[in-house]
Amino acid sequence: MKIIVRSLVIALAVTGAIATSYANAASSKTTVTAPVNIHKTSAMPIPGCPPSDPGSC
Amino acid sequence: MLTAHFLNSLVYVEVLFCLAALCAITLKKQWPEYWSLGAFLATRFLSDIILLPLLHIKLNHANDSVGHSAYVAYFYIYWISYAVESVLALLVVYSIFRLAMAPLKGLQQLGMLVFRWAASISIIVSLGSAFAPDMTRMRYLIAAISQLQRTQSILTLCLLVFVCFAIRPMGLNYSSRIFGVSLGLGVMATNDLIQSALLALNPHINSEYSLVNGVVIGVVLATWTAYFALPEPKRRLIVLPTTSPFLRWNQISQVLGDSPGFVAVGGMPPELLAPAEIEVMNRASRKMVVPFPRSISA
């Protein structure tokens with residue numbers, strides 16, 4: 001049990017660290033073209049378009 | 001079509017699990033300890049309850065002014081609730097650390113001080129690093145929120161690793177609510193970081209990722225509900241050897257920041273002393289006079 005939980009936690013931490021490095025590398029190379037590139041962990045649809053033009057994306 | 005139906009049902013699952021977790025916290029009288037998590041869940045529940053009808057109005061009136069107004073309201077409520085939840089998530093991390101370290105008051109104080117400094121510096125660095133020349137206000141806000149979200153996720157993962165590896169010295173086990181809440185936060189943080197990386201590399205997978213988001217939040221809320229609904233095992237008695245560095249650091253941390261006492265080392269005029277104190281000192285001096293031995297007996 002202890003080994004399983006510790007392995008899971010280490011996997012989460014390592015995945016998070018790798019994802020952070022990828023996100024930093026990607027954001028330093030590219031400019032943000034989409035109106036938003038983040039959203040919360042939720043099943044609700046993401047309102048990505050600006051309020052003035054809902055059909056733009 | 002099947003995906004849309006599944007996503008739609010995930011929205012209702014999220015609302016139901018949010019309510020279930022809130023009920024479990026309330027019924028088990030856990031609000032004093034987990035008020036920040038309760039506030040986080042309440043914000044999520046309220047925003048979902050408001051966003052759901054707005055979403056239906058928008059879908060039913062796609063091409064008229066009613067649909068447009070519903071979208072504007074949806075847009076602002078979604079992002080405002082996201083900002084509030086991000087701040088509350090940081091407070092949840094802070095309160096979980098405080099609860100985990102409760103038996104070791106000294107280390108708790110020191111850790112909270114370090115946490116406050118780390119969080120403050122991270123926020124300042126996030127706001128500073130988001131700035132770039134020729135940037136519009138909207139883009140600056142997006143970049144700053146994105147950096148803040150990454151900072152909060154990294155802090156959450158650090159807390160999870162700490163709680164997981166220091167769980168036994170703190171008298172906890174894997175059935176403890178502190179661990180359950182940390183695990184849920186850690187899964188959410190990892191999902192946020194993966195999502196942030198994927199969306200930066202490929203911005204067109206937004207809608208596909210909503211499905212993953214829906215499943216992850218459902219699993220996290222179910223985990224929290226289970227941890228709060230089930231009885232929590234009592235915290236074990238923490239026994240440390242007297243030579244333990246953990247104990248020594250706790251003692252050192254407990255006295256850090258205390259106001260020091262003062263002692264007079266010289267240059268004290270007799271007028272500062274009360275007559276009774278002078279009398280006591282005189283008598284003590286007389287007792288200290290040792291007569292010189294006249295003869296040494298064999």
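## The enclosed helix α6 of chain B

In this predicted model, 23 of the 25 residues of α6(B) are buried, so this helix is largely enclosed by the rest of the structure. From its first C-alpha to its last, α6(B) reaches 36 Å, which is close to the 36 Å expected for its 25 residues at 1.5 Å a residue.

## The nonpolar core

The largest nonpolar core has 66 residues, and those with the most contacts inside it are B:Ala21, B:Tyr74, B:Val93, B:Ile96, B:Ala100, B:Leu160 and B:Val163. At least two residues of this core are supplied by each of α1 (2–29) of chain A and, from chain B, α1 (2–27), α2 (35–60), α3 (65–100), α5 (137–165), α6 (177–201) and α7 (206–229). The largest share, 14 residues, comes from α6(B). In soluble globular proteins, nonpolar side chains tend to be buried together.

## Overall form of chain B

Chain B has nine helices and zero strands, and its pattern along the sequence reads α-α-α-α-α-α-α-α-α.

Of the 298 residues of chain B, 32% count as buried. Among the contacts in chain B with a separation of 6 or more, 71% are accounted for by residues 24 or more positions apart.

## Chain A and its contact with chain B

Chain A has one helix and zero strands, and 30% of its 57 residues count as buried. The contact between the chains takes 31 residues from chain A and 49 residues from chain B. On the side of chain A that touches chain B, the residues divide into 20 nonpolar, nine polar and two charged.

The confidence of the prediction should be kept in view when chain A is read: its pLDDT averages 73, and 67% of the residues score at least 70. Over residues 31–35 of chain A the pLDDT is below 50, although this stretch has 11 contacts in the model beyond near neighbours in sequence.

B:Trp249 has its place in helix α8 (residues 245–255) of chain B. Because a residue must have 20 or more other C-beta atoms within 10 Å to be buried, and 12 or fewer to be exposed, B:Trp249, with 14 C-beta neighbours inside 10 Å, counts as partly exposed. Although B:Trp249 and B:Leu107 are 142 residues apart in sequence, they are 7.1 Å apart in space, C-alpha to C-alpha.

B:Lys29 lies in the loop between α1 and α2 of chain B, and B:Lys29 is exposed, with 8 other C-beta atoms within 10 Å. The phi of B:Lys29 is near 55 degrees, a positive value in a residue other than glycine. Most residues other than glycine have a negative phi.

Conventions: Residues are numbered from 1 along each chain as its sequence is written. Chains are lettered from A and ligands numbered from 1 in the order in which they are written. This is a predicted model: local features need pLDDT of at least 70, side-chain atom pairs count only at pLDDT 80 or more; totals for chains, interfaces and linings use all residues. Helices (H or I, at least four residues) and strands (E, at least two) are DSSP runs, numbered from the N terminus. Two residues are in contact if their C-beta atoms, placed from the backbone, lie within 7 Å. pLDDT is the predictor's confidence in each residue, from 0 to 100. A nonpolar core is a set of buried Ala, Val, Leu, Ile, Met, Phe, Trp, Tyr and Cys residues joined through C-beta atoms within 7 Å. Ala, Val, Leu, Ile, Met, Phe, Trp, Tyr, Cys and Pro count as nonpolar, Asp, Glu, Lys and Arg as charged, and the others, Gly among them, as polar. The expected span of a helix is 1.5 Å times one less than its number of residues.
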